[in-house]
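Me: I would like to learn how to read the features of a model like this one. Please take one feature at a time, with the general idea before the case.

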Amino acid sequence: MSEERPVVDEKGSACRESGASCCGTAAGAAPADVKALVREAYGRIGAGERQGCGCGCGSAARVSAHLGYGTADLSAVPDGANLGLGCGNPTALASLQPGETVLDLGSGGGLDCFLAAKRVGLAGKVIGVDMTPEMIERARDNAQRGGYINVEFRQGDIEALPVAGASVDVVISNCVLNLVPDKARAFGEISRVLKPGGRMMVSDMVLSRPLPAWVKELGSAYTACVAGAALRDDYLRLIREAGLGDVDVLDERDAAAMFVNANDPLVSRLLGGNALEDLRGAVLSISVRAVKG
Amino acid sequence: MIDQKLLEILACPACDERPPVRLKEDRLVCSVCRRAYPIREGIPVMLVDEATIEPEEEAESGAASASAPRDGKAA
């Protein structure tokens, strides 16, 4: 499968075929339904049926280059590890040190785990957690092909992590927490598993203002990530309330510019003429660092 | 297959205190709630929905005395 293949037609047809089951009704759905929806939509991507339309849309390579992954990073990981689903490059921002234990929440195809594995070296360990079996399978195969012996994956739930308290040095996550229904619980779990002095480095989608109702009702997985995103200030407050300190937004950009490509025929079809302007500035991609006290 | 250091920090997601799980043949068993989590193709499946309950005598072979007094208190 070519990583360069445009994704719009494939995604468009996938959404039409399966109707609401792959699509962005997350805002009005019960948490269990949101998880099922996310699992299905990302399972399709993990299984190779679709590509790169969780939070970024376009070829994986193009999306990732935009997010700050260097060519050297991307060429160093196995083909297929990069699914173009991120919204930042938390591994690069996490200042990982040799020997550290890193936990990646929502590890997907394993890209961030593999980049982290290189940074922590053989004395370090990387654990990837994902709830989607197809993603786990793909990541495991990628780890084997890439010969990563210091990376392991667990199928698990971010709201109930299968990880002992105070056991990891760094938690990273890339464009995943927006999909988690109970964000307070997710940050609580991050705080719990971090060692004292341990740090969190997450890239994620947040909102600068509430989304118009029509966006939440759009029938597309394209919107699943923004429909589940929290308001920026609430997001940062939840991090603090979970017991994490020194909360610092290292990077913040208008995500509309990143994932809404005005030349994209699918977007034009879904959103129509002026609708893009409604969204501009509403969806932000942020990278947040915090420290466990 | 599972690294020893990482096995030590693997914990039961169903228990609030997140107790460790023990590797037992092809599964990971929580000594507190007796849930057994499968390992599929080398990957621990740590989802509460996918866990089975380990028979008591099997799960508590190393700590049988802990629950014994409850059953025998009428005597």
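Predicted model: local features only at pLDDT ≥ 70, side-chain atom pairs only at ≥ 80, totals over all residues.

Me: How should I read a nonpolar core?

Reply: In soluble globular proteins, nonpolar side chains tend to be buried together. Here the largest nonpolar core has 36 residues, and those touching the most other members are L103(A), L177(A), F187(A), I190(A), M200(A), Y235(A) and I239(A).

Me: With which residues is I190(A) in contact, leaving aside its neighbours within four places in sequence?

Reply: I190(A) is in contact with L105(A), V171(A), L177(A), M200(A) and L244(A). Of these, L177(A) and M200(A) are named with I190(A) among the core residues that touch the most other members.

Me: Next, charged pairs. What is the general idea?

Reply: Side chains of opposite charge can pair when their charged atoms come close. The cut-off for a salt bridge is a side-chain nitrogen of Lys or Arg within 4 Å of a carboxyl oxygen of Asp or Glu. By this rule there are 19 salt bridges over all chains. One of them is between E41(B) and R140(A), at 3.4 Å from N to O. E41(B) lies in the loop between β3 (35-40) and β4 (43-44) of chain B, and R140(A) in helix α7 (residues 133-146) of chain A, so the pair joins two chains.

Me: Is E41(B) buried or exposed, and is R140(A) buried or exposed?

Reply: E41(B) is exposed, with a relative accessibility of 59%. R140(A) is buried, at 12%.

Me: What does a salt bridge inside one chain look like?

Reply: K195(A) and D169(A) form one through their side chains, at 3.2 Å from N to O. K195(A) is in strand β5 of chain A and D169(A) in strand β4 of chain A, so the pair ties together parts that are 26 residues apart in sequence. K195(A) counts as partly exposed at 30% relative accessibility, while D169(A) counts as buried at 16%.

The closest N and O atoms of R40(B) and E50(B) are 2.8 Å apart, and the two residues form a salt bridge. R40(B) is in strand β3 of chain B and E50(B) in the loop between β4 and β5 (52-53) of chain B, so this pair ties together parts that are 10 residues apart in sequence. R40(B) is partly exposed, with a relative accessible area of 42%; E50(B) is partly exposed too, at 29%.

Me: Which residues do salt bridges that share partners join into one network?

Reply: K24(B), E25(B), D26(B), R27(B) and E54(B).

Me: How do I read a charged residue with no such partner?

Reply: D112(A), in helix α6 (residues 111-120) of chain A, is buried yet has no salt bridge. The nearest side chain of opposite charge is R119(A), 7.7 Å away, and the cut-off is 4 Å. The side chain of D112(A) does make a polar contact of 3.4 Å with that of T91(A).

Me: Last, where does S95(A) lie, and where is A166(A)?

Reply: S95(A) lies in the loop between α5 (90-93) and β1 (101-105) of chain A, and has a positive phi of about 50° although it is not a glycine. A166(A) is in the loop between β3 (151-155) and β4 (168-174) of chain A, with a positive phi near 50°.

Key. Residues numbered from 1 in each chain as written. Chains lettered and ligands numbered in written order. Heavy atoms only, no water. Helix = DSSP H or I, 4+ residues; strand = E, 2+ residues; numbered from the N terminus. Buried < 20%, exposed > 50% of the residue type's maximum accessible area, 1.4 Å probe, protein only. Lys, Arg positive; Asp, Glu negative; His and termini not counted. Polar contact = N/O pair within 3.5 Å; in protein donor to acceptor, adjacent residues only side chain to side chain. Core = buried A, V, L, I, M, F, W, Y, C linked by side-chain atoms within 4.5 Å. Contact = heavy atoms within 4.5 Å.
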